[in-house]
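Please look through the sequence and the structure shown here before reading on.

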Amino acid sequence: MHVSPARFSVLSEDFAADPYRWFAHLREQVPVHHEPAIDSYFLSRHQDVKRVLSDHEAFSTETLQVRAEPVMRGPVLAQMTGAEHTAKRKIVVRAFTGPALERQVRAIRANAAELLAPLLSRGRMDLVNDFGKPFAVQVALDVLGLERRDRQRVAAWHSGVAEFITSLTLTPERRRHCMECAEQLEAYLRPVIEERRRDPGDDLISGLCTAEFDGVAMSDRDVTALIINVLAASTEPADKTLALLFKHLIDHPGQLAQVRRDPELLGAAIAETLRCTPPVQLIPRRAERDCVFAGVTVPAGATVFCMIGAANRDPGAFAAPDTFDIHRPDLGTARSFTAAAEHLAFGSGLHQCVGTAFARAELETVAAMLLPLLDEVRYSPGFRYREAGLYTRGPLSLSLDFTPVR
Ligand code: HEM
């Protein structure tokens, strides 16, 4: 795409409609793009993004004090450093790995089956709105130990919190709405935290309430922030990845047939979905000193956005990067869910996603359930595919037809 760098804007409608059309232009012509309206720098090359995410001295997560803390009601994991980060990260990881993970997978199956039951006989469902979104919130509620009957109101408050974090420009009215959502979520959590302190169970909220850091229990504010952190971090990327996985497979019927025949390939299909269309498209950092990329100086104090979608399609990192190929030799399924991942969909470095193993188990479990049930799966007649989001991005809906299950 040949466009004068002076005319390009990350905030333009053109970019929002299809950022993937612009990534090669950005990587090749403007690898350091300055967006004057929000005074931020956007980096698109794989090596530059990896450097920002790995060099914790030069690039801090201080941006989150403004971008996340107001709606998380306290400091989130990604803002922490050193021993505090290691200790609190461990508590969260424990809820998503080992025996806890096995328990969660059973709950994932039960949740999926319950939500699918009324949809299957219809022969049509919107995988995003009928299933993926409620499913992801329900799974997060189970992990945290919150009541399933509260799903709709928690989902509504969560969407305000997510809007705050992921908006590059927010009107004062929307900002007020997001803050109200965060306040209501905090008020809802207050008595739950009190109760778990008195009578802990085996859920994540109890784990946070009973854990000690330097011999001192975490304050209600810290526990609240970590709960909202996990709720926000775990739901949106998971439901978007599920819908994107099905979109890629439907668009590549040969690969869909292979995955149907051999569900062991689902891990590779999920990893390739994350590489090709990462649901988290931007990761913000603050430059702590002047740094030079491709001859351009990013000044100390500047906000830097890592463009994950562009980095994951950098031909310097992946051959034929715009092709969806579950057999690509340069990805590596097992590696893709670890710190050694070449794709950057989970970030990289100290703040790499804590939920990688959980996300894989959640998506593999539910996709393995859905594939045999959705026989002859195809887009519904007249369905028009549309994606939205600059910060997190995914399908607005995915209307699918399949053979009704009697
Ligand atoms: C496909 C699903 C997922 C994707 C693509 C994803 C993506 C990411 C990314 C890009 C980051 C790095 C943010 C940064 O460097 O600032 C991150 C961090 C994080 N993710 Fe995930 N995530 C997913 C699922 C989950 C799940 C299921 C959980 C549940 C625990 C989770 C919890 C977190 C937390 C708590 C952090 C902050 C970690 C830290 O700063 O130490 N994520 N995730």
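Predicted model: local features only at pLDDT ≥ 70, side-chain atom pairs only at ≥ 80, totals over all residues.

## Helix α8

Helix α8 covers residues 127-144, which makes 18 residues, and the distance from its first C-alpha to its last is 24 Å, close to the 26 Å expected at 1.5 Å a residue. Of these 18 residues, 15 are buried, so α8 is largely enclosed by the rest of the structure. The residue that follows α8 is G145, and its phi is positive, near 90 degrees.

## Helix α9 and its surroundings

Helix α9 takes in residues 151-166. Its 16 residues should span 22 Å at 1.5 Å a residue, and the end C-alpha atoms of α9 are 21 Å apart, which agrees.

The buried residues of α9 are V154, W157, H158, G160, V161, A162, F164, I165 and T166.

## How α9 packs on α10

Two packed helices are described by the angle between their axes and the distance between the axes. For α9 and α10, the latter made of residues 172-198, the angle is about 130 degrees and the axes are 8 Å apart. That angle makes α9 oblique to α10, and the crossing of the two helices is left-handed.

On the side of α9, the contact is made by W157, G160, V161, E163 and F164, while α10 contributes R174, H177, C178, E180, C181, A182, Q184 and L185. Sorted by class, this contact of α9 with α10 holds seven nonpolar, three polar and three charged residues. Among the α9 residues in the contact, W157, G160, V161 and F164 are also buried.

## How α10 packs on α12

Helix α10 also packs with helix α12, which consists of residues 220-251, and here the angle is about 115 degrees, with the axes 10 Å apart. The crossing of α10 and α12 is right-handed.

From α10, the residues in this contact are L185, E186, L189 and I193, and from α12 they are D220, V223, T224, I227 and I228. By class, the contact of α10 with α12 has six nonpolar, one polar and two charged residues. L185 of α10 takes part in the contact with α9 and also in the contact with α12.

## M307 in strand β10

M307 belongs to strand β10, which is made of residues 303-307. With 28 C-beta neighbours inside 10 Å, M307 counts as buried, the cut-off for this being 20 or more.

Leaving aside residues up to four places away in sequence, M307 touches F42, L43, S44, V49, Q281 and L282. One of these, L282, is 25 residues from M307 in sequence, yet the two are 5.0 Å apart in space, C-alpha to C-alpha.

## Two loop residues with positive phi

Most residues other than glycine have a negative phi. D39 is a residue other than glycine with a positive phi, near 40 degrees, and D39 is placed in the loop between β1 (32-35) and β2 (40-43). Within 10 Å, D39 has 9 other C-beta atoms, so D39 is exposed.

E376 is not a glycine either, and its phi is positive, about 60 degrees. The loop that holds E376 runs between α16 (356-373) and β11 (378-379). E376 is exposed too, with 8 other C-beta atoms within 10 Å.

Terms used. Residues numbered from 1 in each chain as written. Helix = DSSP H or I, 4+ residues; strand = E, 2+ residues; numbered from the N terminus. Expected span 1.5 Å × (residues − 1). Buried ≥ 20, exposed ≤ 12 C-beta atoms within 10 Å, placed from the backbone. Axes fitted to C-alpha atoms, helices over the stretch in contact; angles between N-to-C directions. Parallel < 35°, antiparallel > 145°, perpendicular 65-115°, else oblique. Left-handed = near helix turned anticlockwise from the far one by under 90°. Contact = placed C-beta atoms within 7 Å. Nonpolar A, V, L, I, M, F, W, Y, C, P; charged D, E, K, R; others polar.
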